[in-house]
Amino acid sequence: MKKRILSILCVLAFCLPVIAQNDDTKPQHLAKIPAIDIQTLDGQVFNTANIQNDGKPIIISLWATWCRPCINELMAIADEYEEWVEETGVKLYAISIDDSKTSARVAPFVNGRGWEYTVLLDVNSDFKRAMNVNDVPYLCILNGNGEIVWQHTSYAAGGEEEVYEIIKKMVGK
Amino acid sequence: MRKYLPLIISFLLLFPMTTLFGQHQFGNSRISGDFGFSGMYYMPDSLIGAEKVDSKVRANAFINLLYSNGGFSAGVRYEYYQFPLIDFEKIQYQGQGVRYFFADYKNKFIQVTAGNFYEQFGNGLALRAYEDRQLGIDNSLLGARVKVTPYKGITIKGVWGIERFNFESYLGRRDFVRGLDGEIALGELIPKMQEKGFTTNIGASFVSKFEKADEPINTSLYSGTSSICSAIIPSEKIPQNIPIWATRLNFGYKGFRFDAEFAQKMQDPNVSNDFIYKKGDALFLSATYSMKGFGVAASFIRSDNMDFRSQRMVSQNSWLGINNIPAINRQYSYQLISDYGFASQPNSQIGVQLQVNYKIPKKTKLGGKYGTDLTFNFSRFHNTDQQPVALALEYGTPTGTEGYTSSFFKFGPDLLYQDIGLEISHRFTKSWKWTLAYNFISYNLEILQGHEGMMRGHLVASDLQWKITSKHALHLDLQHLYTKDDDGSHIYGMLEYSISPKWFISIGDDWNYGNPDPSRRLHYFNIAGAFVWNTTRIALNFGKTKEGILCIGGVCRAVPASYGVGLSITTSF
């Protein structure tokens, strides 16, 4: 019993510094997103190296049609998105991790809600895995060079405001 | 202590690595990773049926490390499931060690992977190696994969590998999987098509499983076979190579898209089909149309005798699946119907699914300032029509025969699952948002859960969100399931308070007030809190979990009743 607790503590102890180094004030060599083949909504191959926005900021959201907080987040952003684009030129890539059970319904789902995002499909979670994402919703912000400057997992109402603050700062507004 | 030595050593080795290299990039090299821990302290509760667990403290943990430099990447995952959560122990996902590592090189023309890899051909009817950590599914292949793009728009993939089986050793395995898949994107080849807005892809796959058969099978040990005359299948009658092929087409024009895939499996007597010699087949069709503010999606699936695993004696849902027949019904996240999620039945299912999304436009009388989202859903699944062959009737068992005949588009006599649902989502003001849903669910308890009868229930769910200030929000989730079947009606309430983006706290209760047995009208309460910092999430919860079924994407596993304190940590770096 003691050994078990010990071993579990050991696991935890090793995880803490990992969290500790997750410090966004520390100067870092910024990482680019991995180049992975995923799909467009009409089934064509799309390499994630082609995620770009003419030097302007990019938001990548990993989501799924069965994930309620993901939809809440994308709906909240959708209400403001027009203004975000006008003010900062930002572009949002909503990458769905729906697999073949539900991936065919992503396009009607997105269009039915009138979302203006660029939607892509990661049907076997290859991009999610390469991004080391455990759970959705996951959101990251890339700068004009395609480097990850901020990432976040899970969503609480109002979370989109922090995202917008960061993007405004990036474009100097 | 010696038992834990490998664990401690591995962590001691991994740990400085993560702190040194985490989230860092040196020139073109990048090291990243993620970590997950999920632990629980179990307490017995005889009322809900939470048994005394032999070791009270249990945990699942893993760490992934990835290295990449230009076209080269490599990765390794260490998993520690030596004393796993009890639901993982039930499916024998227990052990520790490295069961995933790979090296990969790619350029414009070729990608070569050695080690473990995940892969999907088409919709997965013939091959899908994937993982779902919450369900304890990881059927990566250990071997090699080559992907070639000889010409723009043409992709060819070849794979060879041994499928992962929990923490069992790969040594001495007598089975492997190999496959070939080709896809042509006509739009890329014929620029004129693309210019006009047409996309058409065609593809085909061929997969073959090898499993040595040098001993006769005494089928009476495995199936419900009572007849003696056909109980033993001699080894020379057991196919060692089992091929499966599939062909697919997808077509798109503007807002319209059509997808089709057909697969056929050759003779594969195995424990899940009572060792019959019938071929299996599956057809998956889907058509969608959407424009701004409106979307409709219809799909059809039929699969018959398509359970396909690396080992013929294995039938447990999460083990050794080579292909994946999708359950195409709409997936819900409502607490009260989580036990009644439809599980894909690869050996016998035929059904349809229809979903319509419509947005009542902004700034209209019905739509209000923000618009109103409507979602309608209908799905219905039956078993396939199966008529026993004469020989099976004569023997009194299908074993060793063709089993049955089945007319292709005929729905079988048993309803497996039906769902009719409507969901309305409306934002009243900047701070108030409401989603209201109604579903009528019919769920075949006998075939899907092994209990008797059919569950027919009405679910009403309300999800109200109040953004108090820009960062503080309240979220109230109320659900009522009205049914006279199974364990009766339930009512559920959950109140969550969040301070964006870091804090969550919630309290909830599921009350089985309508249980036919008054002594079992129990409460299942849950208190939870979570702290999120960038990509790190730490969550603590205390409460009771009802014995039931956890379904993710049409794959389900049993969840035992439990009571206790849980801690989960995930992070990526």
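Me: In this predicted model, where in chain A is A:Ser154 found?
Reply: Look between a strand and a helix of chain A for A:Ser154. Strand 7 covers 148–153 and helix 5 covers 159–170. That puts A:Ser154 in the loop between strand 7 and helix 5.

Me: And is A:Ser154 buried or exposed?
Reply: The count to check is C-beta neighbours inside 10 Å, and A:Ser154 has 23 of them. The cut-off for buried is 20 or more. So A:Ser154 counts as buried.

Me: What is the phi of A:Ser154?
Reply: Most residues other than glycine have a negative phi. A:Ser154 isn't a glycine, yet its phi is positive. The value is about 70°.

Me: What about B:Asp486, what is its phi?
Reply: B:Asp486 sits in the loop between strand 28 (472–483) and strand 29 of chain B. It is buried, with 21 other C-beta atoms within 10 Å. B:Asp486 is not a glycine either, but its phi is positive, near 50°.

Me: Now the prolines: is the peptide bond from A:Val136 to A:Pro137 cis or trans?
Reply: A:Pro137 lies in the loop between helix 4 (126–130) and strand 6 (138–142) of chain A. Most peptide bonds are trans. Here, though, omega is near 0°, and the bond from A:Val136 to A:Pro137 is cis.

Me: What is omega for the peptide bond from B:Ser500 to B:Pro501?
Reply: B:Pro501 is in the loop between strand 29 (490–499) and strand 30 (503–511) of chain B. The bond from B:Ser500 is cis, with omega near -5°.

Me: Back to chain A, which are the edge strands of its 7-strand open sheet?
Reply: Read the order across the sheet: 2-1-5-4-3-6-7, with mixed pairing. An edge strand pairs on one side only, and that holds for strand 2 (45–47) and strand 7.

Me: By how much are neighbouring strands of this sheet turned against each other on average?
Reply: Direction is ignored for this one. Averaged over neighbouring strands, the turn is 30°.

Me: Which residue in strand 5 of chain A is the bridge partner of A:Ile95?
Reply: Strand 4 (residues 91–96) and strand 5 (residues 118–121) of chain A pair in the parallel sense over 4 bridges. In strand 5, the partner of A:Ile95 is A:Leu120.

Me: What angle does the direction of helix 5 of chain A make with that of strand 6?
Reply: Helix 2 (residues 68–88) packs on the sheet, touching strand 3 (58–63) and strand 4, and makes about 150° with strand 3. Helix 5 packs on the sheet too, touching strand 3, strand 6 and strand 7. With the direction of strand 6, helix 5 makes an angle of about 10°.

Technical notes
Residues are numbered from 1 along each chain as its sequence is written. Chains are lettered from A and ligands numbered from 1 in the order in which they are written. This is a predicted model: local features need pLDDT of at least 70, side-chain atom pairs count only at pLDDT 80 or more; totals for chains, interfaces and linings use all residues. Helices (H or I, at least four residues) and strands (E, at least two) are DSSP runs, numbered from the N terminus. A residue is buried if 20 or more other C-beta atoms lie within 10 Å of its own, exposed if 12 or fewer, and partly exposed in between; C-beta atoms are placed from the backbone. Two strands pair if DSSP finds at least two bridges between them. Axes are lines fitted to C-alpha atoms, for helices over the stretch in contact, and angles run from 0 to 180 degrees between N-to-C directions. Two residues are in contact if their C-beta atoms, placed from the backbone, lie within 7 Å.
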